[in-house]
Amino acid sequence: MKAKIQEKFEALFGEEGILYASAGRINLIGEHTDYNGGYVFPGAINFGIMAAIKPNGTNTVKLFALDMDEYVEFEVGSEELPSKHWPKYIFGVCHEILKRGGKVEGFNAVFAGDVPHGAGLSSSAALESTFAYALNDLFNNNSIEKYELAKIGQSTEHNYCGVKCGIMDQFASLFGKEGSLIRLNCKTGEYKYFPFHPKGYKLVLIDTCVKHLLADSAYNKRRESCERAAAAIRKNHPEVDFLSDAKRLWLDEVRGEITEEDFIRAEYVIGEVQRVLDVCDALERDDYETVGEMMYQTHFGLSHLYEVSCEELDFLNKLARKCEVTGSRVMGGGFGGCTINLVKEDLYDHFVETAVEKFTEKFGHAPKIYDVVISDGARKL
C-alpha cells in the first residue's frame, strides 16, 4: 500500500509525500455503554488508513482517494461542503481544527485503506484520525492534544457527516498501542492501558455481511429507554448523571415506575459496565477464560435484554459455543455486522471452517473472516 500511495502522489504532484497512518478498531467488551457514560474497552487493529500528505503553499486542499480512483479539491475555510461523501471527513477535520484556533493551509494528499467496509471496524474514524494527526503535525507542531484530536474526529461526524457517534472510535484510532487494550471512561475521559497478549489464542471476526434496516431507529429507542431509566433513578439518587452511575439495586427500586422494556434495557447496561471492569481484572491475571465467559454474557444481554442481535449473529454465537470457542459476542451496534471471537489456536481452523460451512448452508452466502491483531494507532511513518 505504501508504495502505491507514494507512486500516485509522485505522479500527481511531482514529489514524495510524508506518510501518516491510523487504525481501525475493535471493542472487546462494553457495548452501548458509551452514550450511557460508562466504560468501553477498545483497541486499534492491523487494518487502517495510510496517507501521503505534503503542504502545497496554496489555500487549496487537493485529495486523491486511491481505492475509489477519485480526485477532489476544496479551499481551506470554504463553507461549501464537497458533494461527494468521502471528502467531507477531511473537510470536517480541517474546519474543526480551524474552529479551535489551529492552523491549516493547503496540502496535497493521496490515501488508501484496508479496513473492511461495513464490518463495523470504523474506517471513517481511521480516516479522520489520520488527517487530524497529520495536520496537527504539519501545521501546529503537535500543539493540539491527542484527546482533542479525537474530539475533532467526533465533531466531524456530528457536523459534516450526520452521525451522532460517541468518542470511542476516534479515541481508539488515535490512542491505540500495540499489545494493549484501552479502558476508556466515556463520562470523564479517563483511560488506562491493559496488556492484551493472549498466548495460545487468536482474535477473529466473522462478518455476517448483513445489516438490517431497523438499526438506526432501534438505536434511538434504546437510548431513550436508558435516559428514562436514569431519570427515574435520579429522583432517589441525584448523583446519577448517566445510567452507568446507577447500582443494580437502585434500578430495582424504580421497577414499578418504568416500563418492563426500559427496565431490561437498563439492566443490560448496568451489567455491561460491570463486565468491562471484570474483564480488566481478568486480563491483569492473564485469565482469558473469564474474559471469554464475559463475552458470552454480553452477547446474551445484547440478544435477550437489549434486543439488538439478529438471527445471523445468534447463529454464529451458538456455533462458537458448540466449537468450544473461549469467547464470542456481537460487536458493534447490532442487527448485523460481526461477531468477535477469542479462540484457542488449536481450535481455530476447525471453528473457522465450520462457521463458513454452516453459515453458508443456512443463509445462502459465506461470511467473511478477519484475523485481527492489536496494533498501534495514529502515527507518522
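Two strands are said to pair if DSSP finds at least two bridges between them.

## Basis of the model

This is a predicted model, in which local features need pLDDT of at least 70 and side-chain atom pairs count only at pLDDT 80 or more, whereas totals for chains, interfaces and linings use all residues. Residues are numbered from 1 along each chain as its sequence is written, and side-chain values use heavy atoms, with hydrogens and water left out.

## Overall dimensions and composition

The protein contains eleven helices and 13 strands. Helices (H or I, at least four residues) and strands (E, at least two) are DSSP runs, numbered from the N terminus. For 381 residues, a compact globule would have a radius of gyration near 21 Å, and the value of 21 Å for the protein agrees with this. The radius is taken over C-alpha atoms, and the globule rule is 2.2 Å times the number of residues to the power 0.38. Along the principal axes, the C-alpha atoms fill a box of roughly 65 × 50 × 40 Å.

Of the 381 residues, 56% count as buried. Buried means under 20% relative accessible area, exposed means over 50%, and partly exposed lies in between (1.4 Å probe, protein chains only). Among contacts with a separation of 6 or more, 70% come from residues 24 or more positions apart; a contact means heavy atoms within 4.5 Å.

## Surface and charge

The accessible surface of the protein comes to about 16100 Å², and carbon and sulfur atoms account for 47% of that surface. Accessible areas come from the Shrake-Rupley method with a 1.4 Å probe; for residues, only the protein chains shown count as cover.

There are 43 positive and 59 negative side chains, and the centres of the two sets lie 1 Å apart. Lys and Arg count as positive and Asp and Glu as negative, while His and the chain ends are not counted. Each charge is placed at NZ of Lys, CZ of Arg, CG of Asp or CD of Glu.

## The six-stranded sheet

Six strands form an open sheet in the order β5-β4-β6-β3-β1-β13, with mixed pairing. Strands β5 (70–75) and β13 stand at the edges with a single partner strand each, so one side of each is left without a neighbour in the sheet.

Strand β1 (residues 18–27) is mostly covered, with nine of its ten residues buried. Nine bridges join β1 to strand β3 (residues 42–55) in an antiparallel arrangement, and two bridges pair β1 with strand β13 (residues 379–380), also in the antiparallel sense. Tyr20 takes part in both pairings: its bridge partner in β3 is Ala51, and in β13 Tyr20 stands opposite Lys380. Strand β3 pairs in turn with strand β6 (residues 107–113), antiparallel and over seven bridges; here Ile49 has Gly113 of β6 as its bridge partner.

## The three-stranded sheet

A further open sheet is formed by three strands in the order β2-β7-β8, with antiparallel pairing. Its edges are β2 (39–40) and β8 (191–195), each with a single partner strand, so one side of each is left without a neighbour in the sheet. Two bridges join β2 to β7, and Tyr39 has Asn185 in β7 as its bridge partner. Strand β7 (residues 180–185) pairs with β8 over five bridges. In that pairing Ser180 stands opposite Pro195, and Ile182 has Tyr193 as its bridge partner. Strands β7 and β8 form a hairpin with five residues between them, and Gly189 in the turn has a positive phi of about 85 degrees.

Six of the six residues of β7 are buried, so this strand is largely enclosed by the rest of the structure. In a regular strand the side chains alternate between the two faces of the sheet. In β7 both faces are covered: Ser180, Ile182 and Leu184 are buried on one side, and Leu181, Arg183 and Asn185 are buried on the other.

## Residues with positive phi

His32 has a positive phi of about 65 degrees although it is not a glycine. This residue is found in the loop between β1 and β2 and is buried, with a relative accessible area of 6%.

Cys209, likewise not a glycine, has a positive phi of about 60 degrees. Cys209 is found in strand β9 (residues 201–211) and, at 38% relative accessibility, counts as partly exposed.
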